Structure formats: structure tokens, C-alpha cells
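Dear colleague,

Please find below the structure that I am handing over to you, followed by an account of what was found in it.

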Amino acid sequence: MREPAPWHVRRGWIAAQVGLVALLAAPFVLTALDRTFLLPVLTRMLAYGLAAAALDFVLGYGGLVSFGHGAFLGTGAYVTGVLLHHAGQRTPVLRWPFDIAGSADALIAFPAAAIAAGCLAFLIGAVSLRTRGVHFIMITLAFAQMVYFLVLAIPEYGGTDGLMLPARNHLLDLPLDGDQPLYWLALALLVGFLLIARRTMEARFGLALRGARQNERRMRALGYPVYRIRLLAFTISGATAGLAGAVLANQAAFVSPDLLSWQRSGELIMMVILGGQGTLFGPVLGAFALLLLEEELSAVTEHWMLVLGPILLVCVLFFRRGLWGQVSGAPAHG
């Protein structure tokens, strides 16, 4: 007879299901309360929750502190923005060796954003994963800054001013105009990634990734290709962050170089730590908490960062397992 799951596991799944129900009900509740202006804020939270969960895939489970995920987030946003920009102007993105036209179809733009961010993550990971510790952090930061300054040097796409988008993507024949369609798409992407990532972490690949974090030498002795496992995880994480960037580009109808900055990478790390490393659900909660604090405090005072800092410090010091650890009663994995 199969033993029942530990209480903290059941409690965590109950909390996750309650959160999902709340997110599913949010558009209808906000419409009934005439507060639909809050839906874009929730969409932005979902996008950052997806990016934070993607970072947790390598940080929480793999022990890889990446300061380059802002580059993947921004790359996804810019690929989507460039495709929309050229679709509006009816001009090709590339003229040689063959014309590639812009596209407003999300079935083209979103996979393109994920592929571009994933390829960038693969190239950065191929170099940086040969190092460890602070050297890994600095190399990911250096590559991210290279991408940041590269975007600044392209005046055709706005340079330092960013790029205004003529419209949003459409999904087949359904436009993503308005607040609800993009919200449902962002929610579907987040839930899909969490389900796939959860199953992956319970499979042999996930166990090997966590084992490499705990004892890399032993995993190598057992014959596991640690470098390739980490590189694959890093690539998947980058591609998912690119998807989150595509959502942000549509939500704001604008892409900015700030999405590529190291500060954005730092915010994603803070979301993971605040929510709870190695939990997947925790970083989503951390993203919601951090962005909610920013929204509320910025409405009260222009010096809101002076207030936010001590609040985050208290959370990190007294909630060692993160906010998700308080909700589920379970420690982080790894």
C-alpha cells in the first residue's frame, strides 16, 4: 500500500491549488468590482513569476547563481518587439542571405523569443559553466552587460530610448488586445512551465541536477555528465525567461534596454530568495510579493526604495525558507 505524502507536501499542493483558483477567478472578480485596471499589473506579476521560476530551475535546484537572466528576459522581449516592429512596417527583419519578415502571430513570435533566448543561454552557459562560484557569477554578468550594450548600440530599435510597439501579437485569429487575453496567455505559460518543471525535477534529470549541486565529484564518479546536465538546465531556464520577456513586451507595448540590465537580474534573484529557493512555486510568490510591495510603496512615497530595503532584509533574516516555506511548512530542496 502506497504511503501518503508527508503533510508539508500536501499542504504545499493545497496552497498551490488555492493560488491557482485565485488567479483563475481574478479577472471575473476584478470585473465585478470595476477594478479591471489591476489586470495588467497581475499580468506583469505572472510574467515575472515565470522568469523567477525559470531562474529557480538553475539557482534553487542547480546551485547556479546567474546574474545573466536579465539578458534572457530582455532578449525575448526584444525579439518579440522587433518582429512586431517589422510586421507593422511590412519590412524584412533580415535581408541577407534570405528575407525574414516580421510577424505579429504569437505562435511565431513567442517561440522565436524562446529560441533566441535559449540559444543565447546555451552560448553563455557553454563558457560560464566551466567555472564555479564567484567566477561563474561574474562571467554571466559580463555576458549580460555585453548584450545590454549591444542593444544600446542599435539606433534602429530605439537605442537608449527603447522601442514602442505598434500593436500586440495575435494568437491565430484572436488578437491579444485588451487585458484579459494576454492575462490568460501569461497564466497558461506559467502553469504549463510549473507543471513540466515539477515533473522534470522528480525525474532522473532533476535528481542528477540536484545531486550535482550537493556533491559534484561523486556525480562525476558515478558517470553522470554534469556539465551537459547543467548546460541543458541553463538553456531551458534561459528560453523560459525569454517567453516571460515576450509577455512583458506585449503587456507594456514597449521594450526597454532596462530589461537587459544587471539590476533586472538582481531583482529576479531577490524574487527567488524571497519566495524560497528550490521550490518553483516560491519564486512566483516572491515575484508577486516584491512587485506588490513596489506598487504600494511607490504610491505612498517617492523614496519607496528606502522602505523596501529594510522590509526585504527582515524577510530574508527571519524567513530563511522563504515565503513559500512559511506557507507550505516545507524547506527548500537541494
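Of the 334 residues of the chain, 47% count as buried, where buried means under 20% relative accessible area, exposed over 50% and partly exposed in between, with a 1.4 Å probe and protein chains only. The model is a predicted one, in which local features need pLDDT of at least 70 and side-chain atom pairs count only at pLDDT 80 or more, while totals for chains, interfaces and linings use all residues. Residues are numbered from 1 along each chain as its sequence is written, and side-chain values use heavy atoms, with hydrogens and water left out.

Overall architecture

The chain has 13 helices and six strands; helices (H or I, at least four residues) and strands (E, at least two) are DSSP runs, numbered from the N terminus. For 334 residues, a compact globule would have a radius of gyration near 20 Å, and the chain agrees with this at 20 Å. That radius is taken over C-alpha atoms, and the globule rule is 2.2 Å times the number of residues to the power 0.38. Along the principal axes, the C-alpha atoms fill a box of roughly 60 × 50 × 45 Å. Among contacts with a separation of 6 or more, 77% are between residues 24 or more positions apart, a contact being heavy atoms within 4.5 Å. The accessible surface of the chain comes to about 16600 Å², and 67% of it belongs to carbon and sulfur atoms; areas come from the Shrake-Rupley method with a 1.4 Å probe, and for residues only the protein chains shown count as cover.

Salt bridges around E216

A search of the whole structure finds four salt bridges, each defined as a side-chain nitrogen of Lys or Arg within 4 Å of a carboxyl oxygen of Asp or Glu. The side chain of E216 meets that of R132 in one of them, at 2.8 Å from N to O. Because R132 lies in the loop between α4 and α5 and E216 in helix α8 (residues 216-221), this pair ties together parts that are 84 residues apart in sequence. E216 also forms a salt bridge with R220, at 2.7 Å from N to O; the two are four residues apart in helix α8 and so separated by about one helical turn. A further salt bridge joins E216 to R230, with the closest N and O atoms 3.2 Å apart. Here E216 lies in helix α8 and R230 in helix α9 (residues 226-252), so the pair ties together parts that are 14 residues apart in sequence. Through shared partners, the salt bridges join R132, E216, R220 and R230 into one network.

L129 is found in the loop between α4 (106-128) and α5 (133-152) and counts as buried, at 2% relative accessibility. The C-alpha atoms of L129 and L83, which are 46 residues apart along the chain, are separated by 31 Å.

Aromatic pairs

The structure holds seven aromatic pairs. Rings of Phe, Tyr and Trp (its six-membered ring) pair if their centres lie within 6.5 Å; planes under 30 degrees apart count as stacked, over 60 as edge-to-face and the rest as tilted. The rings of F57 and F193 have centres 6.2 Å apart and planes at 55 degrees, so this pair is tilted. The pair links distant parts of the chain, with F57 in helix α2 (residues 39-59) and F193 in helix α6 (residues 180-202), 136 residues apart. F57 is buried, with a relative accessible area of 2%, and F193 is buried at 11% relative accessibility.

Y183 and W184 form an edge-to-face pair, 5.5 Å centre to centre with 75 degrees between the planes. Y183 is buried at 0% relative accessibility, while W184 is partly exposed at 28%. Together with F28, Y183 and W184 form one aromatic cluster.

Nonpolar surface patch

L313, V314, L317, F318 and F319 make a nonpolar surface patch of about 490 Å². Patches are made of residues with over 30% relative accessible area and no salt bridge; like charges are joined within 9 Å and nonpolar side chains (Val, Leu, Ile, Met, Phe, Trp, Tyr) within 5 Å. L317 is found in helix α12 (residues 304-318) and counts as partly exposed, at 44% relative accessibility.

Yours sincerely
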